[in-house]
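Hi everyone, thanks for coming. Let me put the structure up on the screen, and then I'll walk you through it.

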Amino acid sequence: MPSDLHLHRSLQTAIAPHHAPAPRRYATLLRAGFVPGCCLLLSGCTVGFWSYQQIAAPEAQYVQVNCDGHDGPPKLTYYPFHEIFIGVAVEPLDLRLRTPRGVHAHLDGDSVVVSGHTDKGNLELTLKLKTAAEASDAGSLAEMRFEERHDSGWAPGVPSSETQIDTMSTGTIRLPPITIDNTPWPSQSLPFTRKIYSQVMQPKSACTAQP
């Protein structure tokens, strides 16, 4: 894995016991939570919470995308795929192809389909892609980035794709087919789940996480 991506393993979610704590244990828990809270207040720090969609993929690592990979929710799922690396995130859509020297890859299509479950039922969106950036890492790795191509006919008051995806509790994202060194590979459908990310926000921080 490239070291310059600041990759981070996803944290295991702690599951609280189903039974209610005894009164003495409950008081202990309150004190335990009160002390760090006071420390945060005295230091001027606050805790921010963000909802985001975490995409699952084989051998995936999860990368923070704000502040050059040092801040914000770990939205970007980064995983190996037939000699290349794919990075993908939704809300907003972010698709990246990273290829080693001598390997060529391109998308065989310009659409990403996001399907999910919301409180109001199932929802499916088709997002069109456009090239966002191209870069190389001293010739050893090349990266091509894609983002959503917004329709110029969008009208105020109409929910954006990001707003609609944010309402999904679970779902899938289907990527375009990919050709790697003249070998075509079919579309991938990757599941995602809405997660909550918390972060201690330092006072007067030069770079803070965005919702």
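I'll start with the chain as a whole, then go on to its cores, its surface, its charged pairs and a few backbone details.

Before that, a word on the source: this is a predicted model, where local features need pLDDT of at least 70, side-chain atom pairs count only at pLDDT 80 or more, and totals for chains, interfaces and linings use all residues. Residues are numbered from 1 along each chain as its sequence is written, and side-chain values use heavy atoms, with hydrogens and water left out.

So, the overall picture. The chain has 2 helices and 13 strands; helices (H or I, at least four residues) and strands (E, at least two) are DSSP runs, numbered from the N terminus. There are 211 residues in the chain, and 36% of them are buried. Buried means under 20% relative accessible area, exposed means over 50%, and partly exposed is in between, using a 1.4 Å probe and protein chains only. A contact means heavy atoms within 4.5 Å. Of the contacts between residues at least 6 apart in sequence, 58% join residues at least 24 apart.

Now let's go inside. A nonpolar core is a set of buried Ala, Val, Leu, Ile, Met, Phe, Trp, Tyr and Cys residues joined through side-chain atoms within 4.5 Å. The largest one here has 30 residues, and Y79, I86, V114 and I173 have the most contacts inside it. Which residues does I173 touch, leaving aside its neighbours within four places in sequence? Among them are I55, V88, V114, L190 and F192. Apart from this core lies another, of 5 residues, including V63, L76, F85 and A89. As a general point, in soluble globular proteins nonpolar side chains tend to be buried together.

V47, F49, I196 and V200 make a nonpolar surface patch of about 400 Å². Patches are made of residues with over 30% relative accessible area and no salt bridge; like charges are joined within 9 Å, and nonpolar side chains (Val, Leu, Ile, Met, Phe, Trp, Tyr) within 5 Å. Strand 1 (46-55) and strand 13 (189-201) each supply at least two residues of this patch. I196 sits in strand 13, and it counts as exposed because its relative accessibility is 63%.

Next, the charged pairs. A salt bridge is a side-chain nitrogen of Lys or Arg within 4 Å of a carboxyl oxygen of Asp or Glu, and the structure holds 6 of them. One joins the side chains of D94 and R96, at 2.9 Å from N to O. Are these two residues buried or exposed? Both D94 and R96 are buried.

Another salt bridge pairs R149 with D110, at 3.7 Å from N to O. These partners are 39 residues apart: R149 is in the loop between strand 9 (141-148) and helix 2 (161-166), while D110 is in the loop between strand 6 and strand 7. D110 is partly exposed because its relative accessibility is 35%.

K130 and E147 meet in a salt bridge too, at 3.5 Å from N to O. This pair links strand 8, which holds K130, to strand 9, which holds E147, and the two residues are 17 apart. Salt bridges that share partners also join D94, R96 and R145 into one network.

Finally, some backbone details. The peptide bond from E91 to P92 is cis, with omega near 0°, and P92 is in the loop between strand 4 and strand 5. E59 is not a glycine, yet has a positive phi of about 55°. You'll find E59 in the loop between strand 1 and strand 2 (61-63). E83, also not a glycine, has a positive phi of about 80° and lies in the loop between strand 3 and strand 4. Why does E83 count as exposed? Because its relative accessible area is 59%.

Terms used: Areas by Shrake-Rupley, 256 points an atom, 1.4 Å probe, with all protein chains shown as cover.
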